[in-house]
Amino acid sequence: MRLRMKGAQLRLKLRGKELSLLLIFLVCTTILFWAWDKSPLLTSSLPPKSQFFQLSPDVIMMPSEERTHLTKNTSDFPLKDAIYKEANHLDEVTPEDHSKGSSYLVPVSSKKVFLDPEAKPPLRPLSPLVVSEQEAKHKHGLEDEKNGSAESELSLKDKEVTDNIISKESNLKQEDKRVENPACNYAKGKWVVDDRRPLYSGSKCKQWLAPMWACRLTQRQDFAFEKLRWQPRDCQLEEFEGSKFLERMQDKTLAFVGDSLGRQQFLSLMCMITGGKKRTDVRDVGQEYGFIVGPGSKRPNGWAYRFPSTNSTILFYWSSCLCDLEPLNVTDPLTEYAMHLDRPPAFLHQFLHKIDVLVLNTGHHWNRGKLRGNRWVMYVGGVPNTNRKVAGMGGAKNFTVHSTIKWVNSQLPKHPRLKAFYRSISPRHFMNGDWNTGGSCDSTTPMSIGKEVLQEESSDGVAASAVRGTGVNLLDITALSQVRDEGHISRFSITATPGVQDCLHWCLPGVPDTWNELLFAQI
């Protein structure tokens with residue numbers, strides 16, 4: 001009997017403990033859910049309850065058919081994994097493309113657009129964007145990194161937590177309207193019609209603009225290409241104003257170092273700053289940098305101009321291959337030149353301490369004909385190159401670009417105010433041949449109409465790999481320029497030879513103006 005009573009008491013004690021534990025669990029769970037609803041800290045760190053069992057509205061499923069638009073003849077510069085979708089096949093995007101992470105252009109409108117140089121169309125609204133499931137997830141994960149964007153898809157609770165931050169940012173933007181978004185990829189976006197363009201007159205900017213690139217001075221009759229403006233996808237480009245640019249460059253020097261495309265960007269910027277108007281106050285300070293016309297030369301190896309109002313200097317130095325050139329026999333006018341692939345231009349050694357913003361480029365002079373014509377001989381380590389991997393044009397260019405950028409990066413700690421850029425290659429658009437074999441670029445309607453550049457990485461793999469891991473910034477203009485085939489000098493060059501077209505250089509005003517707008521947004 002005593003054993004039975006003890007067993008019954010033990011069972012009652014165990015049941016009491018179980019009930020106590022269950023009661024404690026229910027109380028803790030109730031407190032947790034109450035804290036979730038009431039605590040901003042937990043709200044910001046945990047997903048909203050409404051998202052537990054809902055699919056993201058950003059995910060858009062697409063059909064699996066695809067039709068490419070770009071042929072091998074469109075350009076002799078291959079866009080990295082680029083796919084151009086025709087405007088009348090809006091939904092034809094394959095899941096395979098997304099899974100591979102390929103670069104592509106997605107059409108944003110199925111309506112054909114014809115640009116009339118006489119018409120004054122209103123600004124076109126941005127069309128709804130069709131994105132892949134992979135991109136939608138990526139975009140959703142990056143929303144919190146955007147600086148108070150009006151289009152950010154924040155939950156109501158997130159907005160309550162960040163109200164104060166956004167209001168503070170708005171006040172700062174009113175004081176300084178400069179658009180700054182370190183996370184913005186300015187190379188992603190589309191070309192839109194803007195009746196406020198161009199930023200200057202191609203026929204009036206005679207003080208700076210070389211006549212051979214001023215298409216308004218040629219027989220060309222279509223100028224609709226001047227009305228296009230680049231619109232980045234994830235941010236707004238700050239409106240370029242010459243006075244604002246000079247204020248930002250107060251007591252500073254901006255130097256372009258590169259080839260003829262670099263010179264086009266330099267001349268474009270001079271026209272943009274002055275609005276294409278004559279400026280008698282701007283001083284020629286080329287002699288300070290050794291820019292003189294040497295014996296037997298038709299022009300100096302650079303130009304430099306200073307705006308006295310802000311003490312801002314803009315210069316260009318000619319270095320088509322972005323390496324040091326040294327005559328092997330200074331007494332022989334027909335001497336060969338050592339082309340030191342592992343040395344930056346001597347100009348940089350001499351004047352880097354005076355430069356605040358540096359923009360480098362090279363690309364189209366890397367061919368055997370140019371080297372033979374200039375009597376350039378490749379050198380590495382102070383002796384003629386014997387490395388077969390570097391002997392080819394592609395290998396030599398890659399080696400030089402990496403070498404020069406590595407050197408510039410090594411100089412950044414010595415010049416903490418210096419901001420350096422490497423501009424990616426400007427694409428050519430020769431169709432059915434090259435410059436000397438009947439190649440042409442007669443299109444007057446840009447292939448960019450109805451399409452959007454969405455690739456994450458640069459089409460210029462050499463440039464992207466060279467700056468990766470360095471303090472040198474990439475000014476990525478390749479893909480956005482690739483879809484502007486109608487913007488070249490074409491057959492309208494003043495010095496054109498019959499049957500020879502210029503599908504390398506650009507009409508000004510034109511595409512290089514956008515390169516400078518992207519530069520302006522990042523300095």
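## Strands around β13

V359 stands opposite F421 in β13. This is a predicted model, in which local features need pLDDT of at least 70, side-chain atom pairs count only at pLDDT 80 or more, and totals for chains, interfaces and linings use all residues. Residues are numbered from 1 along each chain as its sequence is written, and side-chain values use heavy atoms, with hydrogens and water left out.

Strands here are DSSP runs (E, at least two residues), numbered from the N terminus. Two strands pair if DSSP finds at least two bridges between them. The table lists pairings by strand.

| Strands | Bridges | Direction |
|---|---|---|
| β10 (residues 357-360) and β13 | four bridges | parallel |
| β13 and β15 (residues 473-475) | three bridges | parallel |
| β11 (residues 376-380) and β12 | two bridges | antiparallel |

On the β15 side, R423 stands opposite L475. β13 is mostly covered: four of its five residues are buried (under 20% relative accessible area; exposed is over 50%, partly exposed in between; 1.4 Å probe, protein chains only).

R428 lies in the loop between β13 (419-423) and β14 (451-453). R428 counts as buried because its relative accessibility is 14%. Its side chain makes a polar contact with the side chain of D434, at 3.1 Å. Such a contact is a pair of N or O atoms within 3.5 Å; within protein, one must be able to donate a hydrogen and the other to accept it, and residues adjacent in sequence count only if both atoms are side-chain atoms.

Four strands form an open, mixed sheet in the order β8-β9-β11-β12. Its edge strands, β8 (324-327) and β12 (383-384), each pair on one side only. Y379 has P384 in β12 as its bridge partner.
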